[in-house]
Amino acid sequence: MDLDVFVMTHRAEWDRLDHLLGRGRRLTGAEADELVALYQRTATHLSLIQSSAPDPMITARLTQLVARARAVVTGTRRASWRDAVSFLTAGFPAAVYRSRHWWIPTAVLSTLLAAVIGWWIGTHPEVQGVIAAPDQLRELTRPGGQYETYYSSNPAASFAAQVWTNNAQAAAMCLVFGAFLCVPVLWILFLNMANLGIGIGLMSSAGRLDTFLGLVLPHGLLELTAVFVAAGTGLRLGWTLIDPGPMSRRAALAQQGRAAIGMAIGLALVLFVSGVIEGFVTPSGLPTWARITIGVVAELAFLAYVYVLGGRAARAGQTGDLDASERSAEVPTAA
């Protein structure tokens, strides 16, 4: 595309749009229709220039024009409780549902990895000796040892807040680092599964695996599911860089990135529930079966939330992305 010819051809339209925007609310009906048409054409011009012949000055001017025109055409809009309800009942569960082909395999493979690490450590005393000295291992695994007192070492409220903060940070890292070709996400997953596997291996070697699972399962089912969803979303985001599909790489990454931001907010709420269970239920005096039942109910409730509400919203066209009216116009990419 010859940029100079393109600018000369369309400069009058841009100047006219700028003039109409300067009129504010003093537009006739015909002028308002003209403004909408010029806004649509200018948005297309901006996309063409960005993709074919990017020029900083022209791009800056057209970006400003399109933003001003969009504000006039669509009007300003404030977030409301209705938006929050829509996000929680449709946008977030739909995004989780649509990414299930990423996070379910992630969950299965990660759980198998933790089980293998646990078996390896539990059946190889020499590996346990590398982890810590024998007296330290006994202190970790004995009745009333560090594995058990960890959950009651601080007041329940502050412990729940600390756990929620740490887990939310881990989930956010999985989401953000997915853009780095998936490698950091895999490393974060490995560290989490290695820690879980070490606990399984050490407690099983001490004959106290049932105690360990009774402490981990009440909160761990929901907590690990949230981490797996975050990791799966991060991996999907990283894969978008490699294979953006029919969209341009920039547009595909923007779409997945916007959905990932919403996912981070939703997962923070899920991890808050997990943190409350870990802070108040796990160290409580309830029988082991009761604590595990609470964890199982919380996990089943989340899965039902994703597959019932999320599946319905996804089939209705929800993606977890912004509404079309809130996104920048895109020029279709030829196949």
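Me: How are two packed helices described, and at what angle do helix H2 and helix H3 pack?

Reply: Two packed helices are described by the angle between their axes and by how far apart those axes lie. In this predicted model, helix H2 (residues 29–52) and helix H3 (residues 56–74) pack at about 145°, and their axes are 9 Å apart. The crossing of H2 past H3 is left-handed.

Me: Which residues in H2 meet which in H3?

Reply: On the H2 side they include Leu35, Val36, Tyr39 and Leu46. Among their counterparts in H3 are Ile58, Leu62, Val66 and Val73.

Me: Thanks! Now Ser99: is Ser99 buried or exposed?

Reply: A residue counts as buried when its relative accessible area is under 20%. Ser99 has 1%, so Ser99 is buried. You'll find Ser99 in the loop between helix H4 (81–98) and H5.

Me: What does Ser99 touch, leaving out residues up to four places away in sequence?

Reply: Ser99 touches Thr233, Arg236 and Met263. Sequence and space can be read side by side here: Ser99 and Gly232 are 133 residues apart in sequence, yet 7.2 Å apart in space, C-alpha to C-alpha.

Me: And which residues form the nonpolar patch on the surface?

Reply: Ile104, Val108, Leu109, Leu112 and Tyr307 form that patch, with about 460 Å² of accessible area together. Helix H5 (residues 100–122) gives the largest share, four residues.

How values were computed:
Residues numbered from 1 in each chain as written. Predicted model: local features only at pLDDT ≥ 70, side-chain atom pairs only at ≥ 80, totals over all residues. Heavy atoms only, no water. Patch = residues over 30% accessible without salt bridge, like charges linked within 9 Å, V, L, I, M, F, W, Y side chains within 5 Å. Areas by Shrake-Rupley, 256 points an atom, 1.4 Å probe, with all protein chains shown as cover. Salt bridge = Lys/Arg side-chain N within 4 Å of Asp/Glu carboxyl O. Axes fitted to C-alpha atoms, helices over the stretch in contact; angles between N-to-C directions. Left-handed = near helix turned anticlockwise from the far one by under 90°. Contact = heavy atoms within 4.5 Å. Buried < 20%, exposed > 50% of the residue type's maximum accessible area, 1.4 Å probe, protein only.
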